[in-house]
Amino acid sequence: MNSLKFSASSGFFGRRRDRFTEYQPDRTLEEKFKLIREIPGIRGIELKYPLDLKDIPFARRLLADSGLVCSAVNADVKDATHFRHGALSSPSAEARQRAVSLLRGAMDAAAEIGAGLVTTCPVADGYDYPFQVEFQSAWGHFVESAAAVASHRCDVRLALEFQPREPHAYTILSSVGKVLHVCAEVALLNLGANLDVGHSFAARESPAESAVLLAGKGRLFYVHSNDNPGDGGDWDMISGTVHFWHWLELLYTFDRVGYDGWLGGDIVAKHMGPGEAYDVNTRMIQRMAALLNRMDTETIRRLIAEGNPAKTFDYLSRWLLPNDA
Amino acid sequence: MRNLHTTDVMLHGTADEVRRESLLGILAAGDGGPGQSLCLGLGLVWPLNHGSIVACPDDGGRGAERECTRAVSRKGGGMNQLAIISAFLGGAKNRYMTYQADRTLDEKFRLASAVDGIAGLELCYPADFQDVSRLKELLKHYGFKVPAVNFRSRRDDKWWRGSFTSASAAERGEFVDEVKRAMDAAGELNCPRITTCPLNDGTDHLFEMDYVQAYDAAVECFSVVCAHNPQVQVCIEYKESDPRARCLFGTAAEAASFCQIANIDNLGVTLDIGHALCAGERPAQSVALLAKAKRLFYVHLNDNDGRWDWDMLPGAYHLWEFAELFYCLRELGYRDDWYAFDVFPKEIDTVETFKAAVALTRKLEAIADRIDRDTMKVLLRERNPARTLPYLYSLL
């Protein structure tokens, strides 16, 4: 197994809200850095744009002082004042232009702090009702806008994060297949995907399969680690707490496809301390990776090739439950 | 579409048996069987104790529709009134976006009054009760009734791990005290019930909660609360998930069974149609179960795609589910009561959203009302979808 690079997202260390409840106190960027640098195993921080990068020299100083690396700039394109009816896919040229400018600004900011990667989840681009969206033009706009952003500069990569739903019943960019479609249409090397594992579960995918599809086209740029029960809800739970075997398969797959990028934690701490939640999230993944090493990935490869799940799980489960008694 | 005009129906109070030639093209031929009042084949024979169905000339259907509505209301059909949950008239935000600005109570009343057909507001406790005398003035000024007080069991500053299922006795005590105050406040407004959606009473992870202890705590809390004023109905609005990956009361059956375990007469259920759909239920079946258990206290209307609680306009996705729902509610005696809209305006104008909700609800009820009771009894006995579905579509 390659060694894994872990980062935490600043956005999850401050005040959090869902539709019903607000959790956690507001925290300053310094406080967020301080919490994150204390988490064992975490070397990176994902910074929000524009929120965390209004003062770039200040952010650079915090990075230097903390010893953390900026793993990605996470651009928010979800201001309902402007993107009420979509951003990249909006019927309004003004809204699309604003979204494109915002993402270009995020790319410039990423270059300035040496991040090299912008990730964005286009949550404003979606719909609730049948007969609500004119799909031809929406998709045309989406692809054009993505091209307009990615072509801004080739030294920063743009990772699109798909999500099947929320805040709309349907999002435009809802699956790994649609991301690959956008990448193929735009055909720029710096456009790829952020595979959010929870979103992939919510979209009823096997994240390992999605990772293979993306890596096969050179589009697996970034990964968000988390988990959920697969009920469609994006609960941002600790990785492996539900889909233990799927997570193990995913880590095995990262090794197979040679993914050496970041695993950015995307965990909502809710009532837990965020430091504690990210600590355990990191440990869970590290322990699963260590388990894979003990299991021996070459043996696993042979078992998968043989294609007998009974035999494979007899082998895999032995490492968890060694006594047959 | 045009052919359907000939199948439009109207209720007619005098005819005995009416042959509906126009339905023949749609309904499959069949033998009604001995003792059945509906015969399919040469013609359709309707039992006509109250409303009857007659063929309507192809006048575009409008005359039939008017007649139909008039006939139903003439029979004093016990129409349910419509209310809006006040919170949905204010700030609309989710985890990602903020669509509608926060609004004052005065503004909420003003918006609600702009929606024809709204007769009441379901008020939220504590938010709407900061100034009770002003609240009373507003209710009087706008002439709104209060079908229910919605007790918020999730708060930003407390009860993150549950309110009545909290492991902390102090937090549970606080919940009980607050609900009692909400009941008193409801009583002052002549409001007959408290409803609460126990959103944070649940879990994200496995091994997070001692379920038995949680149910015990819930029984204890609700016993005290319900005994405080047996005249007030206390309603649990079940929901499968959100903001917890699994809420403790996830389905109609779980809620009903809990009420029966607690064995308290004034403890019942608010059926939120969207929650029922998300839980994989057929709302009409949930109505039947809850009514059987004597726990069908109150109804929230909204719709979704069956995956998530999007709080959409009624009928946006589940037209026939709503028709079956309204049919069953009427059959089971949920009349002269209330429907409260739990509809999230999002990017659409708030008043426009609720105007549409009212219009769609009345439309869906009208469809349900066109179902002839005796005909449906026969169809339900036959359980032959090849007859039932064409009959239903003939009503559109």
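**View 1. The interface of chain A and chain B.** In this predicted model, 41 residues of chain A are in contact with 37 residues of chain B, and the area buried between the two chains is about 3900 Å², with carbon and sulfur atoms giving 53% of that area. A:Arg17, A:Arg19 and A:Phe20 together supply 20% of the area that chain A buries against chain B, which is more than any other three residues supply. Across this interface there are seven salt bridges, and 21 residue pairs are in polar contact, both residues of each pair having pLDDT of 80 or more. On the side of chain A that touches chain B, the elements β2 (16-17), β3 (22-23) and α3 (80-83) each supply at least two residues, and by class this side has 16 nonpolar, 10 polar and 15 charged residues.

**View 2. A salt bridge between B:Arg95 and A:Asp236.** Side chains of opposite charge can pair when their charged atoms come close. Here B:Arg95 forms a salt bridge with A:Asp236, with the closest N and O atoms 2.9 Å apart. The pair crosses between chains, running from the loop between β4 (92-93) and β5 (98-100) of chain B, where B:Arg95 lies, to the loop between β11 (220-225) and α9 (244-257) of chain A, which holds A:Asp236. Both B:Arg95 and A:Asp236 are buried.

**View 3. The surroundings of A:Glu166.** A:Glu166 lies in the loop between β8 (157-161) and β9 (170-171) of chain A, and because its relative accessibility is 14%, under the 20% limit, A:Glu166 counts as buried. Its side chain is joined to that of B:Arg95 by a polar contact of 2.9 Å. When neighbours within four places in sequence are left aside, the residues in contact with A:Glu166 are A:Val123, A:Thr171 and A:Asp234 from chain A, together with B:Arg95, B:Tyr96 and B:Trp310 from chain B.

**View 4. A salt bridge between two helices of chain B.** The side chains of B:Arg134 and B:Asp106 meet in a salt bridge, at 2.4 Å from N to O. Because B:Arg134 lies in helix α5 (residues 132-142) and B:Asp106 in helix α4 (residues 105-113), both of chain B, the pair ties together parts that are 28 residues apart in sequence. B:Arg134, at 31% relative accessibility, counts as partly exposed, and B:Asp106, at 30%, also counts as partly exposed.

**View 5. Further salt bridges, a pair and a network.** In chain B, B:Arg387 forms a salt bridge with B:Glu382, the closest N and O atoms being 2.9 Å apart, and B:Arg387 counts as buried, with a relative accessibility of 10%. Elsewhere, salt bridges that share partners join A:Arg19, B:Lys239, B:Asp242, B:Asp309 and B:Asp311 into one network. Over all chains, a search of the whole structure finds 34 salt bridges.

**View 6. Confidence in chain B and in the complex.** The mean pLDDT of chain B is 84, and 81% of its residues reach 70 or more. Over residues 1-76 of chain B, however, pLDDT stays under 50, and for this stretch the model has 137 contacts beyond four places in sequence. For the complex, the predictor gives an ipTM of 0.82 and a pTM of 0.83.

Notes:
Residues are numbered from 1 along each chain as its sequence is written. Chains are lettered from A and ligands numbered from 1 in the order in which they are written. Side-chain values use heavy atoms; hydrogens and water are left out. A salt bridge is a side-chain nitrogen of Lys or Arg within 4 Å of a carboxyl oxygen of Asp or Glu. Helices (H or I, at least four residues) and strands (E, at least two) are DSSP runs, numbered from the N terminus. Buried means under 20% relative accessible area, exposed over 50%, partly exposed in between (1.4 Å probe, protein chains only). A polar contact is a pair of N or O atoms within 3.5 Å; within protein, one must be able to donate a hydrogen and the other to accept it, and residues adjacent in sequence count only if both atoms are side-chain atoms. Contact means heavy atoms within 4.5 Å. pLDDT is the predictor's confidence in each residue, from 0 to 100. Buried area is the accessible area (1.4 Å probe) that two parts lose on being put together, summed over both. Ala, Val, Leu, Ile, Met, Phe, Trp, Tyr, Cys and Pro count as nonpolar, Asp, Glu, Lys and Arg as charged, and the others, Gly among them, as polar.
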